[in-house]
Amino acid sequence: INAESWDMLQMLKTAPFTHEWSPYTENGGTVAAVSGKGFVIVAGDTRLNSNHAIVDRSDTSKIAQLTPKTLLASTGMQADRLQLQEQLKYRIEWYSFNNGGKVPSTFALSQLVSTVLYGGRGFPLLTFNLIAGLDENGDGVCFNFDIFGSTEPKNYGVTGSSQTFMEPLMDCLIRRSNMVGQAPQDMSKDEALALMKNAFTAAGERDIFTGDSVKFYILTPEGLTVETLPLRLD
């Protein structure tokens with residue numbers, strides 16, 4: 001070892017070290033929703049990540065059915081989204097008990113999610129959420145939330161590690177916000193499902209945190225059906 005390397009080694013030994021710890025971790029993955037007349041489709045991949053390692057290839061915790069007409073889709077930290085799901089299910093059960101067995105509407109649940117997230121803003125849950133479901137007419141609705149509960153009603157939404165890949169595609173093909181002189185078209189259930197399958201397939205090719213498979217929850221006034229689409233395993 002030469003003198004210069006020795007001096008560098010001594011400097012590193014005496015340099016102050018900082019030890020950082022965070023209560024949060026990002027577990028990756030992507031969820032999306034598209035709503036239309038008489039349907040809403042919510043999808044999420046089944047890969048669970050931790051520090052660039054695949055922990056589980058069949059994780060279904062990203063999507064939870066809150067009521068027969070409402071679904072919650074979440075990305076971020078798995079422990080926090082499970083905690084949020086439990087909080088909401090308890091509130092729904094309490095509401096049903098005090099209102100003769102009724103369940104809150106999708107719009108009411110969107111307000112509840114916003115209130116719960118904003119109430120914990122001092123130590124927020126690391127979750128990025130979508131509430132999607134059917135309204136009183138049986139048509140699909142979708143609400144996007146940030147980490148503090150700020151919400152925006154739209155007819156589609158994406159959150160998670162592939163958001164930057166999938167959201168521009170949906171902006172273009174659903175809202176047509178980048179096309180001049182073209183009004184948004186009403187998509188059928190089959191068209192929306194095909195769009196989401198293509199979007200997740202493309203995301204799986206570019207995003208290492210999204211993969212293995214995708215669960216599609218298709219909610220209509222007739223009930224809920226589930227489809228699975230395989231993705232890349234690497």
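## The largest cavity

The largest cavity is lined by Gly 44, Asp 45, Thr 46, Asp 59, Thr 60, Lys 62, Ile 63, Lys 215 and Tyr 217. Two elements, E2 and strand E11 (213-220), each give two or more residues to this lining. The structure described here is a predicted model.

The volume of the largest cavity is about 40 Å³. A search of the whole structure for cavities of 30 Å³ or more finds 1. Sorted by class, the residues that line the largest cavity are 4 charged, 3 polar and 2 nonpolar.

## Strand E2 and its partners

Strand E2 covers residues 39-45. Of its 7 residues, 7 are buried, and the strand is mostly covered. In a regular strand, side chains alternate between the two faces of the sheet. In E2, Phe 39, Ile 41, Ala 43 and Asp 45 point one way, while Val 40, Val 42 and Gly 44 point the other way. The residues on both sides are all buried.

E2 pairs with E11 in the antiparallel sense, over 6 bridges. Within this pairing, Gly 44 stands opposite Lys 215 in E11. Both Gly 44 and Lys 215 are also named in the lining of the largest cavity.

Strand E1 spans residues 30-36. Because 7 of its 7 residues are buried, E1 is largely enclosed by the rest of the structure. A residue counts as buried when its relative accessible area is under 20%. Thr 30, Ala 32, Val 34 and Gly 36 point one way from E1, and Val 31, Ala 33 and Ser 35 point the other way.

E1 has two antiparallel pairings to consider: one with E2, over 6 bridges, and one with strand E10 (residues 156-160), over 5 bridges. In E2, Gly 44 is the bridge partner of Val 31, and Val 40 stands opposite Ser 35. In E10, Tyr 156 stands opposite Val 34. E1 and E2 also form a hairpin, with 2 residues between the strands. Gly 38, in the turn of this hairpin, has a positive phi of about 85°.

## The largest pocket

The space in the largest pocket amounts to about 150 Å³. Its lining consists of 11 residues, of which Ser 35, Gly 36, Asn 155, Asp 186 and Met 187 are the closest to the pocket centre. Strand E1 supplies the largest share of the lining, with 3 residues.

By class, the lining of the largest pocket holds 5 nonpolar, 4 polar and 2 charged residues. Ser 35 and Gly 36, which are among the residues closest to the pocket centre, point in opposite ways from E1.

## Helix H3

How far apart are the end C-alpha atoms of helix H3? The helix has 14 residues, 106-119, and at 1.5 Å a residue it should span 20 Å. Its end C-alpha atoms are 20 Å apart, which agrees with that expectation.

Which residues of H3 are buried? They are Thr 106, Leu 109, Ser 110, Leu 112, Val 113, Ser 114, Val 116 and Leu 117.

Note on methods:
Residues numbered from 1 in each chain as written. Predicted model: local features only at pLDDT ≥ 70, side-chain atom pairs only at ≥ 80, totals over all residues. Heavy atoms only, no water. 1 Å grid on protein atoms, 1.4 Å probe; cavity = no way out; pocket = protein on both sides within 12 Å on 5 of 7 lines; lining within 4 Å. Points joined across faces, edges and corners; volume = space filled by probe spheres on them. Helix = DSSP H or I, 4+ residues; strand = E, 2+ residues; numbered from the N terminus. Nonpolar A, V, L, I, M, F, W, Y, C, P; charged D, E, K, R; others polar. Buried < 20%, exposed > 50% of the residue type's maximum accessible area, 1.4 Å probe, protein only. Pairing = 2+ DSSP bridges. Expected span 1.5 Å × (residues − 1).
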